[in-house]
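User: Hi! I'd like to go through this structure with you, one question at a time. Could you take a look with me?

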Amino acid sequence: MWLDPDDDPRESDVELQDERATLIEYLRAYRLTLELKCADLDAQQLACRSVPPSTMSLLGMIRHMAWVEHHWFRRVMVGEDVARLYVSGEDRDADWNGAVADPAVVTDAWTSWRREVAFAEELVAATSDLGARGRQPGDSAPQLRGVLIHMIGEYARHCGHADLLRERIDGRVGQ
């Protein structure tokens, strides 16, 4: 999985001149890393669990990150009153538990993740002030900069998990 730096889609010519460019670029690179870790795998491989009793799988991770994007940008920052993605009253961990080796589940996971990433990217592009606060009722809403930092940490942590999961599936490791 080692990529030549000239062929690595995470490498860009974006100059990290300020906080905004840095946060956006790091998040973009981590999102691409998740895609790279899942590339060229079928439904069975994507749904392969790590080790018992863990329910962690690459497919579960895609679903989980769709949920995370959905929660922080749609629900917290915009304040949309929408149902939680991959969470139900019966199963709070449906993002992981529902990650079964079914091509339709894989398609749904990628579609949901890409939709939520696109929503987040549009929101960030339309919000000039990183200090803008979310509209989540109740608790003091976080600033956009804090949400971006949280997302970078979330992806960084899970991309490390993804690297180990991918190695278990087919032995491929990489940056």
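User: How many aromatic pairs does the structure hold?
Analyst: It holds one aromatic pair. Rings of Phe, Tyr and Trp (its six-membered ring) pair if their centres lie within 6.5 Å; planes under 30 degrees apart count as stacked, over 60 as edge-to-face and the rest as tilted. Before we go on: this is a predicted model, where local features need pLDDT of at least 70, side-chain atom pairs count only at pLDDT 80 or more, and totals for chains, interfaces and linings use all residues. Residues are numbered from 1 along each chain as its sequence is written, and side-chain values use heavy atoms, with hydrogens and water left out.

User: Thanks! Which residues form that aromatic pair?
Analyst: Trp110 and Trp113 form it, in an edge-to-face arrangement with 5.5 Å from centre to centre and 75° between the planes. Both are in helix H5, three residues apart, so about one helical turn separates them. Helices here are DSSP runs (H or I, at least four residues; strands are E, at least two), numbered from the N terminus.

User: Is Trp110 buried or exposed? And Trp113, buried or exposed?
Analyst: Trp110 counts as buried, at 13% relative accessibility. Trp113 is buried too, with a relative accessible area of 3%. Buried means under 20% relative accessible area, exposed over 50%, and partly exposed in between (1.4 Å probe, protein chains only).

User: How do H1 and H5 pack?
Analyst: Their axes are 12 Å apart, at an angle of about 170°. H1 and H5 are therefore roughly antiparallel to each other. On H1 the contact uses Arg20, Ile24, Arg31, Leu34, Glu35 and Cys38, and on H5 it uses Trp110, Trp113, Arg114, Val117, Ala120, Glu121, Val124 and Ala125. So the two tryptophans of the aromatic pair also take part in this contact.

User: What do the angle labels and "contact" stand for?
Analyst: Angles under 35 degrees count as roughly parallel, over 145 as roughly antiparallel, 65 to 115 as roughly perpendicular and the rest as oblique. Axes are lines fitted to C-alpha atoms, for helices over the stretch in contact, and angles run from 0 to 180 degrees between N-to-C directions. Contact means heavy atoms within 4.5 Å.

User: How many residues of the H1 contact with H5 are nonpolar, polar and charged?
Analyst: Nine are nonpolar, none polar and five charged.

User: What about H1 itself: how far apart are its end C-alpha atoms?
Analyst: They are 29 Å apart, which agrees with the 28 Å that the 20 residues of H1 (residues 19-38) should span at 1.5 Å a residue. The expected span is 1.5 Å times one less than the number of residues. Among the buried residues of H1 are Ala21, Leu23, Leu27 and Leu34. The buried residues pack against H2 (43-46), H3 (58-77), H5 (103-126) and H6 (144-170).

User: What follows H1?
Analyst: Asp40 does, with a positive phi near 65°, although Asp40 is not a glycine. Asp40 sits in the loop between H1 and H2 and is exposed, with a relative accessible area of 71%.

User: Switching topic: which peptide bond is cis?
Analyst: The one from Pro52 to Pro53, with omega near 5°. Pro53 is in the loop between H2 and H3.

User: Last one: what does Gly60 touch?
Analyst: Leaving out residues up to four places away in sequence, Gly60 touches Asp95, Trp96 and Ala99. Gly60 lies in H3 and counts as buried, at 0% relative accessibility.

Definitions and conventions. Nonpolar A, V, L, I, M, F, W, Y, C, P; charged D, E, K, R; others polar.
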